[in-house]
Amino acid sequence: MHSTASDGTDTPEQIITKCAKLRLQASSITDHDTIDGQQEAIDTAAEKKIKYITGVEFSVQHAGELHILGYGVDIHSTAFQSMMDELRQSRVERAHLILKRLHEQGIAISFDDVERHAQGNTLGRPHIALALMEKGYSSNLQDAFTTYLNENGLCYVRRRKLNAKEAIDLIADAGGVSVLAHPKFIRTNDIAGLVAGMAADGLRGIEAYYPAHTDRDVERFLAIAKANNLLVTAGSDYHGKMREYSAIASEKRTGKELEQAIQYLLDTYTRG
């Protein structure tokens, strides 16, 4: 799940409150490349008496999309916080470069316009998209991304990313568990080989249960998890109004592998 600390529209408090109203036993917010919302989530979970597992989601270097989740990380780790600061700054620098390219297209959007939408949280392309909509340059978020901000868009700028091993090591050094997110979206002709290589580098789990995964996909990823002795997790990828088709706890499929992994995470990493 993603909050206003990255590219969601609900605050951490609002997300955890919704989780409590749904009577979930536990939850984890995994904002992109930031832990800024974690303490608020921890505090709200304690207040609502719901178990909480700290989380983060790293975008890592790959020919296409590849994300690694970090569960149970120590948000007070100095080394971890230092890397979060570096990644935050890289997002600011990227935003400036995107705005420069937009200006070259005759689009007058200022950094202040983008910052206003970020509301002090980590800057991302969704905030630029909202500024484009506000100024009338795009009709909706999809239009803003397709025309300007996606990889094939007019003003796309690649940003700094860790490689997979760096992300896995960073998560491990902060006492957490690394999990490969939504593997269906990874561009590769050999997902089994890719996961096996990452497992050799210390990857601990795979998100087999995900709303866009078919039942056949789930079975394939469960088999890969078993072959590599990986934990199995599930996620809704909730972003609030940024992705209205995704709801909290929308992934309801389960199995013994998931139940065992969740119990392990709850026993080992819960806060609040």
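**Pockets, a cavity and the sheet**

About 1300 Å³ of space lies in the largest pocket. The model is predicted. In total, 45 residues line this pocket. Closest to its centre are Glu65, Arg125, Phe145, Asn150 and Arg243. Four elements, β3, α3, α5 and α6, each supply at least two lining residues. Helix α6, residues 141-149, gives the most, with four residues. By residue type, the lining of the largest pocket divides into 13 nonpolar, 19 polar and 13 charged.

The second largest pocket has a volume of about 900 Å³. Its lining comprises 34 residues. Leu24, Ala26, Ala234, Glu251 and Ile262 are the closest to the centre of this pocket. Here β1, β4, β7 and α10 each contribute at least two residues to the lining. Strand β1 spans residues 26-27. The largest share comes from α10, which provides six residues. The lining of the second largest pocket holds 16 nonpolar, eleven polar and seven charged residues.

Rolling a probe the size of a water molecule over the atoms shows where empty space is left. The count comes to one cavity of 30 Å³ or more. The volume of the largest cavity is about 50 Å³. Its lining consists of Arg91, Arg94, Ala95, Ile98, Leu123, Gly124, Arg125, Ile128 and Arg159. Helices α3 (78-104) and α5 (125-134) each supply at least two residues of the cavity lining. The largest share, four residues, comes from α3. Four of the lining residues are nonpolar, one is polar and four are charged.

The strands were then traced. Five of them form an open sheet, in the order β3-β4-β5-β6-β7, and the pairing is mixed. At the edges stand β3 (55-59) and β7 (231-234), each pairing on one side only. Neighbouring strands of the sheet are turned by 35° against each other on average, direction ignored. Helix α10, residues 256-269, packs on the sheet. This helix touches β5, β6 (205-209) and β7. The direction of α10 makes about 90° with that of β7. Both α10 and β7 also supply residues to the lining of the second largest pocket.

Strands of a sheet pair through backbone hydrogen bonds, either parallel or antiparallel. Five bridges join β3 to β4, and the two run antiparallel. In this pair, Ser59 stands opposite His67 of β4. Four bridges join β4 (residues 67-71) to β5 (residues 177-180), and these strands also run antiparallel. Ile68 stands opposite Leu180 in β5. The bridge partner of Gly70 in β5 is Ser178.

Strand β4 is mostly covered, with five of its five residues buried. His67, Leu69 and Tyr71 point one way from the strand. Ile68 and Gly70 point the other way. Residues on both sides of β4 are buried. Strand β4 also supplies at least two residues of the lining of the second largest pocket.

Conventions
Residues are numbered from 1 along each chain as its sequence is written. This is a predicted model: local features need pLDDT of at least 70, side-chain atom pairs count only at pLDDT 80 or more; totals for chains, interfaces and linings use all residues. Side-chain values use heavy atoms; hydrogens and water are left out. Two strands pair if DSSP finds at least two bridges between them. Axes are lines fitted to C-alpha atoms, for helices over the stretch in contact, and angles run from 0 to 180 degrees between N-to-C directions. Contact means heavy atoms within 4.5 Å. On a 1 Å grid over the protein atoms alone, a cavity is a set of points where a 1.4 Å probe fits but cannot get out, and a pocket is an open set with protein on both sides within 12 Å along at least five of seven lines; lining residues have an atom within 4 Å of a point. Grid points are joined across faces, edges and corners, and a volume is the space filled by probe spheres set on the points. Ala, Val, Leu, Ile, Met, Phe, Trp, Tyr, Cys and Pro count as nonpolar, Asp, Glu, Lys and Arg as charged, and the others, Gly among them, as polar. Buried means under 20% relative accessible area, exposed over 50%, partly exposed in between (1.4 Å probe, protein chains only).
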